[in-house]
Amino acid sequence: MFDFEKYMHAPSLIATASSYILIGTLFAIIYRKKPASPKLWKAILVLVLGMFAFHFTFNLAEEVISIPILPIGVALLSWLLGRQGNAARWQRYRRFAWLGFLSNFIVFAFALLAIPLDGMMYPKNVPSTYMMDVKKASLIASHPHSKEGTLNKAKLEKLMGKMKQKKIESESWYNRIRKDGDYKEKFPYILNGTTAAKGSGLKAIIFIEEDGRGILITPNKGRQVYFRLKESILKGGDGENG
């Protein structure tokens with residue numbers, strides 16, 4: 001079955017819907033105002049063909065952004081509709097073709113707005129963004145030398161809003177592991193079965209620290225985040241008992 005939730009990203013959907021509403025509104029204004037307008041389906045076809053363009057793609061704030069550069073569709077339509085000296089036919093469709101190219105910039109602008117919107121709807125310094133639902137959470141030992149432990153789910157839910165984001169000390173963590181004999185894993189458990197905030201489009205691997213008080217989250221997009229708790233969420237293992 002298709003997992004719609006897995007691919008749904010609410011800010012992108014809002015931005016895309018808004019951009020197409022604006023494009024549709026501009027199309028309607030031009031179509032109604034233009035004297036001797038062509039048939040509606042032909043105007044829509046020209047609009048769609050006008051969208052074809054050469055894009056420059058780059059990464060911005062960990063999002064893939066694509067900006068149009070060359071209006072390939074407009075150039076093609078200008079040649080097709082204006083050939084054999086039929087300049088009047090090209091003039092009839094010209095605005096719809098250029099609106100098609102302009103549509104790329106409208107979509108681009110709304111895609112940029114989706115970035116801060118994502119930050120407002122799904123703050124990355126809040127644990128519940130990555131694990132909104134922990135009812136089905138369980139613990140998996142990911143290291144052969146991990147001590148057997150179980151998850152204290154009640155305590156995890158209780159402490160969810162009290163976790164504090166801390167700086168990731170990757171270098172000192174690595175050095176400590178080497179110093180301890182090159183066998184001790186700092187995050188020997190994986191928190192399995194959690195669900196990220198609906199509409200965030202996030203999937204994350206969540207590692208639990210050996211003492212049960214640290215949570216390292218590696219999302220499918222964005223940077224790693226580390227949260228520290230005042231109490232352990234483990235029963236047994238290297239954390240507190242109970």
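A salt bridge is taken here as a side-chain nitrogen of Lys or Arg within 4 Å of a carboxyl oxygen of Asp or Glu. By this criterion, Lys 124 pairs with Asp 118, their closest N and O atoms lying 2.7 Å apart. The structure is a predicted model, in which local features need pLDDT of at least 70 and side-chain atom pairs count only at pLDDT 80 or more, while totals for chains, interfaces and linings use all residues. Residues are numbered from 1 along each chain as its sequence is written, and side-chain values use heavy atoms, with hydrogens and water left out.

We can begin with the overall picture. The protein contains seven helices and ten strands; these are DSSP runs numbered from the N terminus, with helices (H or I) of at least four residues and strands (E) of at least two. Of its 242 residues, 35% are buried, where buried means under 20% relative accessible area, exposed over 50%, and partly exposed in between (1.4 Å probe, protein chains only). Among contacts (heavy atoms within 4.5 Å) between residues at least 6 apart in sequence, 61% join residues at least 24 apart.

Next comes the sheet. Six strands form an open antiparallel sheet, in the order S3-S6-S7-S8-S9-S5; two strands are said to pair if DSSP finds at least two bridges between them. Its edges are strand S3 (138-141) and strand S5 (164-166), each of which pairs on one side only. From one strand to the next, the twist averages 35°, with axes fitted as lines to C-alpha atoms (for helices, over the stretch in contact) and angles running from 0 to 180 degrees between N-to-C directions. In general, the strands of a sheet pair through backbone hydrogen bonds, either parallel or antiparallel.

S3 and S6 run antiparallel and are joined by four bridges, with Ala 141 opposite Tyr 189 of S6. Strand S6 (residues 189-192) also pairs with strand S7 (residues 204-208), again in the antiparallel sense, over three bridges. Within this second pairing, Leu 191 has Ile 206 of S7 as its bridge partner, and Ile 190 stands opposite Phe 207 of S7. Side chains in a regular strand alternate between the two faces of the sheet. In S6, Tyr 189 and Leu 191 make up the covered face, whereas Ile 190 and Asn 192 make up the uncovered one.

The loop between S8 and S9 holds Asn 220, which is partly exposed at 45% relative accessibility. Leaving aside residues up to four places away in sequence, Asn 220 touches Gly 201, Leu 202 and Lys 203. Asn 220 and Ile 205 are 15 residues apart in sequence, and their C-alpha atoms are 8.2 Å apart in space.

Returning to charged pairs, the structure holds five salt bridges. Glu 231 and Lys 155 meet in another salt bridge (3.4 Å, N to O). Glu 231 lies in the loop between strand S9 (225-228) and strand S10 (234-236) and Lys 155 in helix H6 (residues 153-159), so this pair ties together parts that are 76 residues apart in sequence. Glu 231 is partly exposed at 29% relative accessibility, whereas Lys 155 is buried at 14%.

A further salt bridge joins Glu 209 to Lys 186, with the closest N and O atoms 2.6 Å apart. Glu 209 sits in the loop between S7 and strand S8 (214-219) and Lys 186 in the loop between helix H7 (170-179) and S6, so the pair ties together parts that are 23 residues apart in sequence. Both count as buried, Glu 209 at 4% relative accessibility and Lys 186 at 7%. Lys 186 and Glu 209 are linked with Asp 211 and Arg 228 in a network of salt bridges.

Finally, the surface carries a nonpolar patch of about 1100 Å², whose residues include Leu 40, Trp 41, Phe 56 and Ile 72. Patches are made of residues with over 30% relative accessible area and no salt bridge, like charges being joined within 9 Å and nonpolar side chains (Val, Leu, Ile, Met, Phe, Trp, Tyr) within 5 Å. Helix H3 (40-50), strand S1 (54-60) and strand S2 (63-70) each supply at least two residues of the patch, and the largest share, six residues, comes from H3. Phe 56 belongs to strand S1 and is partly exposed, with a relative accessible area of 46%.

Notes:
Areas by Shrake-Rupley, 256 points an atom, 1.4 Å probe, with all protein chains shown as cover.
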